[in-house]
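Hi there,

Here is the structure I promised to pass on to you. Have a look at it first, and then read on for what turned up in it.

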Amino acid sequence: MVIVEGLTKVFREGRPGEVRAVDGVSFEARPGEVFGLLGPNGAGKTTTLRMLSTVLRPTAGRLSIDGVDVAARPDEVRRRIGFLSGATGVYDRLTPREQARYYGELHGLRGEDLERRVAWTLRLLQAEEFADRPCGTLSSGQKQKASLARTVVHDPPVLILDEPTASLDVLVARSVTEFIRAARAAGRTVLLSTHDMGEAERLCDRLAVIHRGRVRAMGTVAEVRAAAGDAPDLEAAFFRLMDGDAA
Amino acid sequence: MSGRRVLLVLRKEVREALRDRRTLFVTLVLPILLYPTLMIGLGTVSARQQGKLREQVQAYALAGPLPEALRRSLAEAKGLRAVETGDPEKALRAREVRLVVRAAPDFPEVLEKGGSARLELLHDSADEASAEARRKALDAVEKYREAVLQERLARAGLARAYVQPVDVPSSAATDIASATRRGAHVFGRLLSFMLVVMMVTGAFTPAVDTVAGEKERGTMETLLVCPATRLEVVLGKFLSVFAVSIATALGNLLSMGLTFGQLASSLGVRGKIDFQVDAGTAVTIFLVLLPLAALFSALALAFSTLARSTKEAQTYLTPLLLVSMPLSMVSVIPNIELTPGLASVPVSGAVLLFRDLMLAQGEPALLAKVLPLVPVVLGTTALAAGLAIRWAVWMFEREEVLFRDPGVTFHWRDLRPVRRRGALPGPGAAFFLPAATLAATFFLARALLRPEDLSSPPAWSVALQQGVMIAAVAAGIALGGLDLRATLGLRVPGAFPLAGALLIGCGAPAATSWLVRALGLVPESDAGTGAMIESLVRGLGAPALVLLLAVLPALAEEALFRGWVLRGLRSQMSGPAAILLSSVMFGAFHLEPERIAFTAALGLALGFLALRTGSLWPGVLAHALNNGILVALAKTAGPGSFGGTLVGGTSAGLGVAGLAAVAAGVALVGVSSGHGRRSSPPLSPVS
């Protein structure tokens, strides 16, 4: 369960060049649900996810994950989330298995528990075949799987994925999508950002359209279309919402 | 904090480092392999060339009436060959001969009369063959001289001892330094210095990889989201850098020590030089090495955290080396003693301690003097290392450092003066401009001043530096597109701040000179500036003096230090830190070690004035008053008194009164300026 209320982030506050990257965003994502943040580049999606993952401190607003207040107990929050950053990378000189093990250990797993979780995660992501090769030698799709393995090795109740399928070929993108569906089926809360309308339409149970740091519409795909004056599809709805903002 | 997670991070970093075979080889293995090859190879080649020079035959020419016996003695000398030439000096310049042996025209007569005849060995000291020819000729001349002397003594019926009433044996026979000490003297100081360079570079490579590298590869964000705290992550990474730094230092130390030992025994033609380090010394050095490596590792880690990419991180190696090299070079500068004061200077203290420990080997009396300083060096180095680690952690906790804007590339067209409201210089610019001003003044003065001006500089040359400062600030503001009013603080001050400035300006001369003297911060002499100012004071009238030495410096230095530098620093740090740092820079800027404390103390008060009032003008007033009073003292007190007045001549009563005036002024400014804590306007640093 992710609850976001009036979330605001201002960069360079009180200085020239002040940027209001996120401006009063509120939404809720529930267990067993894939919630999408849809918006163009620079809309504030990544900043929102970074605040949820505790790496950025909000200027204002309240965040809670799995019932834990993010501002008050960031360490507790970090145990409960798996965060895949947008520009995620891998350790070139470690193998996917070592990398997953490293994060598992940082999350307090050890011994047989750890090995079982690592093996399970690699199998789930169909990453066993290249699990023992140095990440530096892997293709970009394989690297993304290695990143995902590291993100979910501790089996967190909440997954925060920043553009998880961006720049992946269709095959890898599909296995990532399948992985996300599996997580939903297992009762996890999945929060993801995307600028891909098709992906949002296929994958998200509910979504929030974000533009210039604000939520322009929220709900199921049908509800968002309705909010945009009965747009024929999500893409049309999206453009109408953007245009409405420009006008 | 969990030690387990620190160890986890450490283990992963070390594993990665060990897998990076190429870097490992280039930074660790290669240098260790190269020292023996390079140094011994170089030594052998140079020794062989030196030997060749001895064996080669150098041509020489004779000039003037040389007695036959001297000619014979020269002709018998090995490796010399007489050449007939019409113009010996010309032949020497053309290197047709390497030496001209020229006897004075009256040589035979003087010799005959029992006098001292003049014999010149014309040579070219910049030509090795010529220098060698001179050495060989000197030996031949010595033989001849001894023969003449013996003959004269025999004729007079005197013993050899008659002309040598005192016999001083050669240095080699009377040197009490052991071979080890001599070796330490030659190689130990070099090793101490090289050790620092190796530790800095040894720490830098892994540090760059471990933070800037993670940022660049996109793994940092993920790491920050894991349950490990920032402190645990930094400590883990720090320990891995520390380990590599120590390993590099030890590896290099071992290789160099062995090389030097080998070199020493091959150099020791007379078998009197030996380089070795005994176990006790090695252990003590290693103990001090630990906090020193920690200091460099933490600094390297902090720089790496600051950087957006590995490339940017690597550029920070240069400033780190530029600062640590002079600090460590004290070991090779002659006549620097390890005092308790120097022992507490980070890096320098350690390097001098290494040197002295090696020199004290086998000398219990010396060791007893050095050992008490070990805890001093250990303590101050550990303190510095602790602060550096704290700084690295602090950097790691700041989101604006971890998520800096992706590289803003500099382009010359950025220098177009596009005025941005409220734009201030950044901290980099704050450091750059004073340094550039110093360099520009130096080169201008060299170009414009005649040598005789240096002792009594003309009036205009004093204005030169002030002019350069004002021009530099103006150019910086124009080219950087900065806000003139905000950068300099061009706002009209209230009456209370001005009154406070008046008190500070009047009290400062007495207060600073008394304080600095009372705290023992200044040596007795103050010849440089004092003498220069006195020569000006004698030559100029009061109005010109006030303009040249009070008003102009006040305007220029306030604009540069309380405007550009202070506000540039303030954009990135707290007010007190900015005031402190700008004051130290202000003191160092005057380039006279004796006066740094004096000037910096003034800078503290002026910095407070500038930040608190948000205006340049109170500082200008106080500064001009301070300088004016000092000049007036010099004018009235007569020659020879300025230096004394400046540092020594203030009585305690006057000093306390001055201090009270400054304190009252500061208090007045403090309470009257309802300007709040953040007295500087909105900031927008540019690099």
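Let's begin with one residue of chain B: at 52% relative accessibility, B:Gly653 counts as exposed, because the cut-off for that word is over 50%. Please keep in mind throughout that this is a predicted model. B:Gly653 belongs to helix α29 of chain B, which covers residues 652–672.

For contrast, here is a pair in chain A. A:Ala236 and A:Gly104 are 132 residues apart in sequence, and 43 Å lies between their C-alpha atoms. A:Ala236 sits in helix α9 (residues 234–246) of chain A, and with 22% relative accessibility it counts as partly exposed.

Chain B as a whole

Chain B has 29 helices and six strands. Of its 687 residues, 46% count as buried. Its accessible surface comes to about 33400 Å², and 66% of that belongs to carbon and sulfur atoms. If you take the contacts in chain B between residues at least 6 apart in sequence, 79% of them join residues at least 24 apart.

Helix α13 of chain B runs over residues 317–329, which makes 13 residues. From its first C-alpha to its last it reaches 17 Å, close to the 18 Å expected at 1.5 Å a residue. Which residues of α13(B) are buried? They are B:Leu320, B:Ser324 and B:Ser328. If you look down the axis of α13(B), these buried residues fall within an arc of 45 degrees, so they line one face of the helix. They pack against three helices of chain B: α8 (179–217), α11 (279–306) and α15 (348–359). On the face of α13(B) turned away from the buried side you will find B:Leu322 and B:Val323, which are exposed.

Helix α17 of chain B (residues 373–397) has 25 residues, and at 1.5 Å a residue it should span 36 Å; its end C-alpha atoms are 36 Å apart, so the two values agree. The buried residues of α17(B) include B:Leu373, B:Val377, B:Thr380, B:Ala384, B:Ala388 and B:Phe396.

A nonpolar patch on the surface

Now turn to the outside of chain B. B:Ile470, B:Val546, B:Leu547, B:Val551, B:Leu555 and B:Trp617 form a nonpolar patch there, with about 480 Å² of accessible area together. Which helix gives the largest share of the patch? That is α24 (residues 542–570) of chain B, with four residues. B:Leu555 lies in this helix, and at 32% relative accessibility it counts as partly exposed.

Salt bridges

Over all chains, the count comes to 45 salt bridges. Here are some to find for yourself.

In chain A, A:Glu163 pairs with A:Lys45, and their closest N and O atoms are 3.7 Å apart. This pair links distant parts of the chain, 118 residues apart: A:Glu163 is in the loop between β7 (158–162) and α6 (170–185), and A:Lys45 is in helix α1 (residues 45–52).

In chain B, B:Glu13 and B:Lys12 form a salt bridge at 3.2 Å, N to O. B:Glu13 is buried, with a relative accessible area of 6%, and B:Lys12 is buried with 4%.

Also in chain B, the side chains of B:Arg98 and B:Asp127 meet in a salt bridge at 2.6 Å, N to O. B:Arg98 lies in the loop between α4 (88–93) and β3 (99–103), and B:Asp127 in the loop between β4 (119–122) and α6 (128–156), so the pair ties together parts that are 29 residues apart in sequence. B:Asp127 is buried, at 7% relative accessibility.

Finally, go back to chain A for a whole network of salt bridges, which links A:Asp66, A:Arg73, A:Asp75, A:Glu76, A:Arg79 and A:Arg80.

Enjoy exploring!

Best wishes

Note on methods:
Residues numbered from 1 in each chain as written. Chains lettered and ligands numbered in written order. Predicted model: local features only at pLDDT ≥ 70, side-chain atom pairs only at ≥ 80, totals over all residues. Heavy atoms only, no water. Patch = residues over 30% accessible without salt bridge, like charges linked within 9 Å, V, L, I, M, F, W, Y side chains within 5 Å. Areas by Shrake-Rupley, 256 points an atom, 1.4 Å probe, with all protein chains shown as cover. Salt bridge = Lys/Arg side-chain N within 4 Å of Asp/Glu carboxyl O. Helix = DSSP H or I, 4+ residues; strand = E, 2+ residues; numbered from the N terminus. Buried < 20%, exposed > 50% of the residue type's maximum accessible area, 1.4 Å probe, protein only. Expected span 1.5 Å × (residues − 1). Arc of directions from axis to C-beta. Contact = heavy atoms within 4.5 Å.
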